[in-house]
Amino acid sequence: MRVPVPRSHSVRRLLGLVAAGALLGAAITHSGSAVASSPAEGTVSDSSTSVSWTGGPFAVPNVTGTALDAPDCTAPQSCDDFTLHVSTPAGYGDTHSLKIDVNWPQTAADFDVYVLDQAGNPVGQAASSADPEQVVLPPTTGTYTVRIVPFLPLGQSYSAKATLVDQPVPPPPGTATPPGFTTYPAPKDLNPDVNSAGEPSIGNDWKTGATMYQSYLSTYKVAFDDSTSPATAHWSDVSATAATGCPQGGLTSLDPILFTDHATGRTFESQLSGQDSLTCYTDDDGTTWNPSTGGGIPSGVDHQTIGGGPYSPNGLGPLPTSTYPNAVYYCSQDIATAFCAASHDGGTTFGPGVPTYSLLDCGGLHGHVKVAPDGTAYLPNKACGSNAALVVSKDGGTSWTVNPVPGSSPSDADPSVGIGANGTVYFGYVGSDGKPAVAVSHDQGTTWSDQQTVGTEFGIKNAVFPTMVAGDDDRATLAFIGTPTGGNYQDTANFKGVWHLYLATTYDGGKSWVTSDATPNDAVQRGSICTGGTTCGNDRNLLDFIDVTVDKTGHIEAAFADGCIDACVTDTSHTSGAGPADAQAAYATIARQSSGLGLFSAYDPQALKHKLHKPHGGTG
């Protein structure tokens, strides 16, 4: 049975559990309750919009909070409570939010934030490894408890501030017609693991047109026949095994990942093994496989990713013995940093792992590495100080620079990056307000523009698993799982949201976006989605991410695990928290574009191309 590695709490938090557990053992025999902050309470209102408080110092960690249970606050100084009174007029929440920020001086420390209503019910939390932690809530009148938990305090004190802030007003949606999508679930007899497809990866071989889909130990090849409308799909199992040339294939996995280099057609499938990975690659879409060393040493123990593309002119090129034209990168998360190693022989072997950032820079987990046409490598991170960030290498992975994305904020979701044909960078993320958002850079992540929330046409209030792809320099798509239901989406007992797969697409370089609901009649999940790692219950069926790619003619293809199948589709009493199993599924599925403009204008139908470029009053 697979035991997934938790991603919302970074690996350094796992190490902290070991040290903190020993310290906590000396304290758990004491009785007590949450202590008060200084001051103990305060008020925010439409006329007095902020209040600040402090607490600490704290010496003893409290590691009792999990995705299923609130932290235990019975030991002295194990929690710090602040009573927050909110007073706002009717309608105030339509244009304002309540933002709670908690920070501390030493980034290596870690505090968590839980917000409870007057009845003691959780209404929000921030329990990542970000500094600061941030919770964004509706500014509903009432009395709340803001509970600060010293997960790994290291003797630190914290400072906190609650503020009523204006909600940003996003630009109006674009005037282009949103693309349409058709979903393609894998055949039930394809493989015993078709319903164990959490956190899938997808790639497309532009030489053959084959789409490659990875989930757990299984690799699937999907051939789409576009002579019909919508296209028909043929799935086949091409998993890497000893019989097909991969002696380490199909054995074990802590996390799966797949990467297909569009230009060369080479596909990598990688299974995290702890200190490195079990990796093989194929040049014939899975008919045969070849072993790889898997990554470089030192390497991280979690959150591995593989990417590739042209060599940077500022770094090393291929080995003299290699005929493979592109660089390959293997990156993974470790306790105090993340490492990226470069391969100069097509991914057969890798050089040493190079630190990409430290705890002084970033406390969050990274997303998937991508390589631009000019050889620049990009590694997105969800929490570098008070922002999400893009970590950039312009010299072939020899050195890395952290570039925060202004206006973004940390969350449980790993961000994603897509790179246009001429190097425009599209950054997709979910903010601490739970909403999907994007930003654009034209200078390799140094500066950013067109930062905005997407999905507004559908009133999206919670989103998870953002993933980005770009085609032409002015076209890109952000895929995510979203719901118009607000509130704490990890509240198994009370959250009633219905989640769909959405794709937001730009045709004007990120100035405006149009959003498609790819699953309008079939929920991806009904109820809660847990993003709290291995402490979750059955509502962690989707695991940690989805993926998106583009084929040679511009069709957008998104890989996701469908959590609501069979009777769950029509029976609204079936939920991820309560079950039954058809509401806690993880079925291998692809949503593929079936109408509208794709990501490459060269393949636009003439009628649609005329409509897109027809003069109009707004941007399109």
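User: In this predicted model, where is P230 found?
Analyst: In this predicted model, a cis peptide bond joins S229 and P230, with omega about -5 degrees. Strand β13 covers residues 218-225 and β14 covers residues 232-237, and P230 is found in the loop between β13 and β14.

User: What is the omega of the peptide bond from G56 to P57?
Analyst: P57 is found in the loop between β2 (50-55) and β3 (80-87). The peptide bond that leads from G56 into P57 is cis, and its omega is near 10 degrees.

User: Is Q444 buried, partly exposed or exposed?
Analyst: Q444 has a positive phi of about 60 degrees although it is not a glycine, and its place is in the loop between β29 (436-441) and β30 (449-453). Because the relative accessibility of Q444 is 24%, and buried would require a value under 20% whereas exposed would require one over 50%, Q444 counts as partly exposed.

User: Is F465 buried or exposed?
Analyst: F465 is not a glycine, yet it has a positive phi of about 60 degrees, and it is found in strand β31, which comprises residues 462-470. Its relative accessibility is 5%, and since the cut-off for a buried residue is under 20%, F465 counts as buried.

User: How many residues apart in sequence are the parts that the pair R475 and D604 ties together?
Analyst: The side chains of R475 and D604 meet in a salt bridge, at 2.7 Å from N to O, and both R475 and D604 are buried. R475 lies in the loop between β31 and β32 (476-483), whereas D604 lies in the loop between β38 (587-595) and α2 (606-613), so the parts that this pair ties together are separated in sequence by 129 residues.

User: Which residue meets D544 in a salt bridge, and what is the relative accessibility of that partner?
Analyst: The side chain of D544, which counts as buried at 10% relative accessibility, meets the side chain of R540 in a salt bridge of 2.7 Å, N to O.

User: Which residues are linked with R592 in a network of salt bridges?
Analyst: The side chains of R592 and E557 meet in a salt bridge of 2.9 Å, N to O. R592 lies in strand β38 and E557 in strand β37 (residues 556-562), so this pair ties together parts that are 35 residues apart in sequence. R592 counts as buried at 3% relative accessibility, and E557 is buried with a relative accessible area of 1%. The network that links R592 by salt bridges also holds D226, D551 and E557.

User: How many salt bridges does the structure hold?
Analyst: Side chains of opposite charge can pair when their charged atoms come close. Among the pairs that meet in this way are R475 with D604 and R592 with E557; for the structure, the number of salt bridges is nine.

User: Which residue has a backbone nitrogen 2.8 Å from a polar atom of the side chain of S441?
Analyst: S441 is found in strand β29 and counts as buried at 0% relative accessibility. Leaving aside neighbours within four places in sequence, S441 is in contact with T424, V425, T446, T447 and W448. A polar contact of 2.9 Å joins its side chain to that of D443, while the backbone nitrogen at 2.8 Å from a polar atom of the S441 side chain belongs to G445.

Terms used. Residues numbered from 1 in each chain as written. Predicted model: local features only at pLDDT ≥ 70, side-chain atom pairs only at ≥ 80, totals over all residues. Heavy atoms only, no water. Helix = DSSP H or I, 4+ residues; strand = E, 2+ residues; numbered from the N terminus. Buried < 20%, exposed > 50% of the residue type's maximum accessible area, 1.4 Å probe, protein only. Salt bridge = Lys/Arg side-chain N within 4 Å of Asp/Glu carboxyl O. Contact = heavy atoms within 4.5 Å. Polar contact = N/O pair within 3.5 Å; in protein donor to acceptor, adjacent residues only side chain to side chain.
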